[in-house]
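Student: Hi! I have a new structure to look at today. Can you walk me through it?

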Amino acid sequence: MGKRNSQRKKAAMLDSDDDSSVSSSSTSRTDHMSVSGTEEVHFDQDTLLDQALDALDEKRGATREKALSTIIEAFNSNVQHQFVEKKFATLLHQCLASIKKGSKKASTTEIALASHTIGMLALTVGCGDNAREIFEESIRPLDEYLISKLDLTNIPSLLKCLAIITFVGGNDQEETERSMDIMWRVIHPKLGSNVVAVKPSAALITAVVSAWSFLLSTMSELKLNSKNWQNSISYLSSLLDKEDRPVRIAAGEALALIFEIGIIEKFSADSKSASDMTQEESKLQESYIRIQGLKGKVINQVKNLSVEAGGKGSDKKDLNSQRNLFRDIGEFFEYHCAPEISMKIGGDSLQTSSWSQMMQLNFLKHFLGKGFIKHMQENEFLHDVFDFTPRRYLNNNEQRMSSGEKRMFKSPNSLQNKARTQLLNKQRLLSEGRNLGHYAANMVDDEAI
């Protein structure tokens, strides 16, 4: 069935204040802050970063917090390639030291800042050996902290960090699945003699589902574990009935993504009679029927949420966001068309046409915050991810390999044929198809799953 005539094409425009704040910072090479002291001194930004890195050795937690804030601000205002090429390992291990200290020696603020810095570091180095080192060195400390749950207020920042380092530095699907399992265990722990079940808050559920979905959006293949997928869909469906609106929105997006990548179709056996089916095909067919039933339940929930009445004390903006999202999800289920988004980045237009792309864009936008525009304009790793080339990067319309692609090509990791690289290649091919007049409804085709 074709697109619904009334389908909305969305325009997501960033605030002009954000645009000016990041673009103007690129012309300024000085800062008025002293990291370790109170005296106000003028510093070249490179000098300021070096000083901030040194200050991470200080004993006072407040000094380390100030230094991390300075580093994040510098990473927001410019893509710090030169600094990270020389100092990325030192910065990484200083940040990991803050996380390993835990809540006894490092404050909640310091751990959150350190987690965010590691994510910014990964996005800045892009694909290659450095990103691989960030992933390998960080995955265990993050896992241990998330299991320990020393301070629940730190978990959302740690989840975002885990999502970003896996997105950039994970080599294959198994590593992505491992990170997704780590996230899932935060709200579904494997109970043992020394594990206490704690009812997760709405904010924690939202953080887990959002980070988990972000990584799911990069998957080119899915393992056919019918029990796991039935449990996941059933759990996400239950979240649609929760009172907290951000929980419902995160769950709705996750469900749309699951059905976009074709999980139901993978359990569909060929049209055979029951007597002609093998035992494995029979089990797949049973799973297909059960998941189809879950999808029917989800469709009814989506319809109700798309027309939900406000109720007393309901925030009108949040309510409209929910209605619009679930209308889009309903249209996707009925007409198989994802919402289209057009976002202005400076004077250039970035467009998405799938749930996968939209969720990656939204996650990275929220993670980068006020540094989003600057990185979208100048970070070639993000150019590759979204098949986005600002006009100033075009040289007489010549197609050239970006530095990010060169790093991927030269790196030994490229020989391992990373699943995400395959996904990006498909993205580029689909973009070329659209330029020739073909409409691409999904980023991932059936053969890749």
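Student: Let's start with I72. Is I72 buried or exposed?

Tutor: I72 counts as buried, because its relative accessibility is 11%. Buried means under 20% relative accessible area, exposed means over 50%, and partly exposed is in between, using a 1.4 Å probe and protein chains only. This is a predicted model, where local features need pLDDT of at least 70 and side-chain atom pairs count only at pLDDT 80 or more, while totals for chains, interfaces and linings use all residues. Residues are numbered from 1 along each chain as its sequence is written, and side-chain values use heavy atoms, with hydrogens and water left out.

Student: Where does I72 lie?

Tutor: In helix α3, which covers residues 61-77. Helices (H or I, at least four residues) and strands (E, at least two) are DSSP runs, numbered from the N terminus.

Student: And what does I72 touch?

Tutor: Leaving out residues up to four places away in sequence, I72 touches L113, H116 and T117. Contact here means heavy atoms within 4.5 Å. M120 is 48 residues from I72 along the chain, and their C-alpha atoms are separated by 7.5 Å.

Student: How many helices and strands are there in the protein?

Tutor: There are 19 helices and 5 strands. The protein has 449 residues, and buried ones make up 51% of them. Of the contacts with a separation of 6 or more, 69% are between residues 24 or more positions apart.

Student: Helices, then. How do α6 and α7 pack?

Tutor: Two packed helices are described by the angle between their axes and the distance between the axes. For α6 (residues 129-148) and α7 (residues 155-169), the angle is about 150 degrees and the axes are 9 Å apart. Axes are lines fitted to C-alpha atoms, for helices over the stretch in contact, and angles run from 0 to 180 degrees between N-to-C directions.

Student: What do we call that arrangement of α6 and α7?

Tutor: The two helices, α6 and α7, are therefore roughly antiparallel to each other. The cut-offs are under 35 degrees for roughly parallel, over 145 for roughly antiparallel, 65 to 115 for roughly perpendicular, and oblique for the rest.

Student: Which residues make the contact?

Tutor: From α6, they include F135, I139 and L142, and from α7, they include L158, L162 and I165. The residues of this contact of α6 with α7 divide into 14 nonpolar, 3 polar and 1 charged. Ala, Val, Leu, Ile, Met, Phe, Trp, Tyr, Cys and Pro count as nonpolar, Asp, Glu, Lys and Arg as charged, and the others, Gly among them, as polar.

Student: How does α7 cross α9?

Tutor: The axes of α7 and α9 (residues 202-216) come within 9 Å and cross at roughly 0 degrees. That makes α7 roughly parallel to α9. Among the residues that meet are L159, A163 and F167 in α7, and L204, V208 and F214 in α9. This contact of α7 with α9 has 12 nonpolar residues, 1 polar and no charged.

Student: What about α11 and α15?

Tutor: Helix α11 (residues 245-260) and helix α15 (residues 355-368) have axes that come within 9 Å and cross at roughly 140 degrees. They are therefore oblique to each other. E253, A254, A256, L257 and E260 of α11 make the contact with W355, S356, M358 and M359 of α15. The residues of this contact of α11 with α15 divide into 6 nonpolar, 1 polar and 2 charged.

Student: Staying with α11, is R248 buried or exposed?

Tutor: R248, found in helix α11, is buried, with a relative accessible area of 5%. Among the residues R248 touches, not counting those up to four places away in sequence, are E243, E308, Q322 and F326.

Student: New topic: what is the phi of H336?

Tutor: H336 has a positive phi of about 60 degrees, although it is not a glycine. Most residues other than glycine have a negative phi. The place of H336 is in the loop between α14 (316-335) and β4 (340-345), and H336 is exposed, with a relative accessible area of 51%.

Student: And where is D387?

Tutor: D387 is in the loop between α17 (380-386) and α18 (403-410). D387 has a positive phi too, of about 50 degrees, and is not a glycine. With a relative accessible area of 33%, D387 is partly exposed.
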